Every structure is written in structure tokens, then in C-alpha cells.
Amino acid sequence: MIRPAFQAALRELLKEAETPFYAYDLGQVEARAEAFRAAFSKARPFYAVKANPALFLLRFLRERGFAAETVSLGEVFRAYRAGFLPHEVLLNGPVKPPRVLRALAAAGVPHLGADSPADLERIARHLPGARVLLRVNPDLPVRTHDHLATGRGESQFGMLPEAIPAAYRRARELGLEVLGLHLHLGSALTQPEDFAAGYRVVEGLLETLGPQPVVDLGGGFGLDLDLGALAPLLAPFHRRAGEVWLEPGRYLVARAGVLVARIWGAKATRRRYLLLDAGMSHFLRPALYRVRPEVRPLYEGGEEAEYDLAGPACESTDVLARGVRLPAPREGDAVAILEAGAYGSSMASSYLDTPRPAEYVWDGEGWFVVGERERYPALFARQRS
Ligand SMILES: Cc1ncc(COP(=O)(O)O)c(C=O)c1O
């Protein structure tokens with residue numbers, strides 16, 4: 001899905017912009033943010049920074065009432081840079097070494113998701129009295145890609161339900177301010193029943209622990225989920241917790257973004273390929289999760305045929321899309337790879353000394369740069385010879 005006006009604007013941008021680049025339709029972010037806030041009007045949303053950490057987007061979402069969910073010290077610094085205050089930031093993640101906790105003591109202590117008993121002990125030692133949520137691993141067969149399911153019992157995240165009461169007591173003994181419970185089932189979930197099953201586990205724990213100041217039910221909202229069907233599932237938590245927090249990432253930004261690449265050749269082996277100037281360094285999700293994104297031509301071409309779109313890396317996994325019907329292109333024609341607004345630029349790397357792409361935002365009238373293309377000297381700047 002891509003708005004025709006945005007597609008037309010991309011063709012204008014292509015007259016001057018170097019490929020590959022990421023481009024975001026701000027109206028789409030705004031519409032998704034509004035839809036999310038309207039569906040869960042009583043909950044407090046924390047935007048998952050990892051989905052797309054562009055400072056511009058962080059500011060934009062903060063102005064629309066979102067707090068920030070982070071998983072690294074770098075993301076906390078980034079959120080502070082974008083204007084979030086410590087009480088508007090939550091730091092999750094299974095590993096928080098002492099150096100990270102000491103840095104937080106200096107920079108401002110956010111809310112913390114405690115992922116294990118050892119995490120609790122370390123947080124208490126370095127950040128006395130910190131506000132913590134206990135991450136629950138609900139031990140459920142969450143239906144999504146294996147790499148995205150964090151709520152299965154065998155995953156490394158959180159504490160199993162039976163371990164939560166002891167962790168809760170220990171957190172209080174340690175003098176931490178226990179805010180409540182945190183659940184994050186996984187990413188790109190499509191089944192409301194999976195959310196319901198996870199929420200039931202948290203409800204069971206609330207029976208044991210009693211009402212809490214906060215219940216954080218995480219993110220994972222798939223792009224086509226009917227939020228209206230999900231919203232009623234939050235009702236029990238609004239009764240038993242002071243605040244309900246949510247952590248959407250993909251839902252807000254994925255459809256707003258595209259990766260634009262030019263085609264620099266066509267060839268046939270046993271399959272028919274178009275060769276792009278973007279690949280797994282720029283957009284990792286097809287290689288990592290076998291996602292097969294939709295693709296739109298940004299050119300008028302010849303007869304249609306079915307192509308695989310390969311990138312410049314010397315790895316057979318560097319194929320961004322397979323079996324895409326496209327008009328025959330000329331060299332230098334461009335395509336837009338859709339649903340690249342989440343986990344696109346944030347997962348881009350400089351693998352193969354490939355500069356990270358520029359990022360542009362379209363506000364319905366014009367384009368502006370929100371991320372410069374990485375320069376070659378920056379690739380070498382860290383190293384000493
Ligand atoms: C703890 C936590 N919260 C929220 C998210 C955001 O997930 P999504 O982008 O699928 O909404 C993630 C993603 O990995 C996560 O690990």
C-alpha cells in the first residue's frame with residue numbers, strides 16, 4: 001500500500017536524490033498514531049524506538065503523546081536527545097551491564113524493565129530505588145516468525161510466571177519501586193487470540209500480586225490487526241492497574257516508509273534477476289526473516305515479467321524480493337520496496353563498507369532530509385591504522 005500522491009512525490013525526489021534512500025510519508029505516520037491512540041484511548045503508548053529511531057520521528061511522536069520504549073543505552077541517549085524526559089522513557093532488554101547503569105545514573109534514570117533476578121540485583125546495586133517493571137515470559141506458543149517470538153518459554157526473555165512472585169518480593173526487599181508487570185509477546189502478531197492468551201497470564205499474576213500501579217502489555221501489533229477487536233481485552237487491566245502501557249513500533253511506521261533503489265541490470269541464471277543498488281546492508285529483513293516485501297515500479301516500462309530483485313552483496317541471501325511482476329525496466333529505473341518504514345533504516349549496517357542510506361520525509365507538500373547519507377570517511381573514522 002502506498003498513496004498515489006506519495007508515489008508521484010517519490011518520482012520527483014528521484015530527479016535529484018542519490019539511491020538507495022529511505023522515504024517516509026508523514027501523513028501515514030500521523031494517521032497510524034491517531035488510530036492507535038483512538039483505539040487505546042485510556043492506555044499510555046511508548047513508541048518502540050528500535051522500529052525507526054529517526055530523531056525527527058521521535059520528536060513527531062512525542063508531540064503526539066507518545067513516550068519512548070528503548071532497549072539500549074544508545075536508544076536512551078537518543079530519546080533524551082529528541083526531547084524525552086527520563087520519566088517518559090522505559091529501558092527494556094535482558095542485559096544491562098554496570099557501565100550502562102552508571103551512565104544512566106549520570107544521564108537520568110528512566111523506568112526500567114527488569115528481565116531476570118540477576119538484573120534486579122544489579123539495578124538495585126547501581127540505581128537504588130529505581131522504578132522497575134518485571135518482565136513476564138508467559139510461556140506460550142506465540143504465532144509469528146521464530147525470530148520474532150519473544151513470549152515462548154524457550155526464549156531468553158523475562159521470567160516464567162511461576163518465578164514472578166519471588167522476583168516481586170525480592171525487588172521490594174531490595175528497595176526498588178515496583179511499578180508492576182511487563183509482557184511483550186513478540187513482533188508482527190496477527191492473531192488477537194495470541195494477545196488474549198498472553199493477557200490471561202498477566203491477569204492470573206495480578207490475582208496473586210494484587211493491583212499494580214502499571215501493567216505494560218508490550219508491542220507486536222501486526223500491520224493488519226483490527227485494533228478495535230483488541231481494545232476490549234485491555235478492560236480488566238484498566239480496572240486492576242493505575243496505568244496500562246503499550247509499546248507499538250511497527251504498527252506506527254512500517255507502512256509509511258519505502259526503500260527506493262535503482263535497477264542496474266537484468267540477468268538470467270535459472271531465475272530471472274534485476275540487480276539493485278540496495279541489498280541486505282540497507283534492508284536486512286528479507287535476509288533475516290525471509291520477508292518478501294511488495295515492490296512498486298517508479299517508471300513506465302515495457303512488457304511485464306516476473307523477477308527476483310537481488311542486491312550487490314556476494315551472498316545468495318541478498319535478495320530483497322522474489323517473484324515480483326514488473327514492467328521491463330531500463331538501466332537506472334527505480335523501484336520502491338514497501339513496508340520498509342519499520343526495522344529498515346534501524347537495521348541497516350555498513351556491512352561491505354556500504355554507506356547507510358539517506359532518509360527523507362514527505363509532509364504532503366515537499367521533501368526534507370531527516371538523515372544524511374553516511375559518508376565514506378565515516379566508515380573508517382573509528383579505526384586506527
Ligand atoms: C520489549 C519490546 N517492546 C516493543 C517492541 C516493538 O514491537 P513491534 O514493533 O512489533 O510493535 C519490541 C520489539 O522487538 C520489544 O522487544
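A salt bridge is a side-chain nitrogen of Lys or Arg within 4 Å of a carboxyl oxygen of Asp or Glu. By this rule, the count in the predicted model described here comes to 24 salt bridges. Two of these pairs are presented below, together with the arrangement of the chain that surrounds them.

**Overall form**

The protein chain has 13 helices and 17 strands. Along the principal axes, its C-alpha atoms fill a box of roughly 70 × 55 × 45 Å. Because a compact globule with 385 residues would have a radius of gyration near 21 Å, the 22 Å of the protein chain agrees with such a form.

The chain is divided into domain 1, made up of residues 4–23 + 254–380, and domain 2, which covers residues 26–251. The centres of domain 1 and domain 2, taken over C-alpha atoms, are separated by 32 Å. To the contact, domain 1 gives 19 residues and domain 2 gives 17 residues.

The size of an interface is often given as the accessible area lost when the parts come together. Between domain 1 and domain 2, the buried area is about 1500 Å², and carbon and sulfur atoms give 58% of it. On the side of domain 1, the residues that lose the most area to domain 2 are Arg255, Tyr289 and Tyr343, which together account for 40% of what that side buries.

Polar links also join the domains. Nine residue pairs, both members at pLDDT 80 or more, are in polar contact between domain 1 and domain 2. Three elements each supply at least two residues of the side of domain 1 that touches domain 2: helix H12 (285–289), strand E16 (358–362) and strand E17 (367–371). By class, this side of domain 1 has ten nonpolar, four polar and five charged residues.

**Salt bridges**

The count of salt bridges between domain 1 and domain 2 is one.

| Salt bridge | N to O distance |
|---|---|
| Asp224 and Arg255 | 3.1 Å |
| Arg373 and Glu18 | 3.4 Å |

Which parts of the chain does the pair of Arg373 and Glu18 link? Arg373 lies in the loop between E17 and helix H13 (376–380), whereas Glu18 lies in the loop between helix H1 (4–13) and strand E1 (21–25). These are distant parts of the chain, 355 residues apart.

**Backbone details in two loops**

Pro20 is also placed in the loop between H1 and E1. The peptide bond from Thr19 to Pro20 is cis, with omega near -5 degrees.

Although Arg290 is not a glycine, it has a positive phi of about 55 degrees.

Technical notes:
Residues are numbered from 1 along each chain as its sequence is written. Side-chain values use heavy atoms; hydrogens and water are left out. Domain bounds come from an automatic or database domain assignment. Contact means heavy atoms within 4.5 Å. Buried area is the accessible area (1.4 Å probe) that two parts lose on being put together, summed over both. A polar contact is a pair of N or O atoms within 3.5 Å; within protein, one must be able to donate a hydrogen and the other to accept it, and residues adjacent in sequence count only if both atoms are side-chain atoms. Helices (H or I, at least four residues) and strands (E, at least two) are DSSP runs, numbered from the N terminus. Ala, Val, Leu, Ile, Met, Phe, Trp, Tyr, Cys and Pro count as nonpolar, Asp, Glu, Lys and Arg as charged, and the others, Gly among them, as polar. The radius of gyration is taken over C-alpha atoms; the globule rule is 2.2 Å times the number of residues to the power 0.38.
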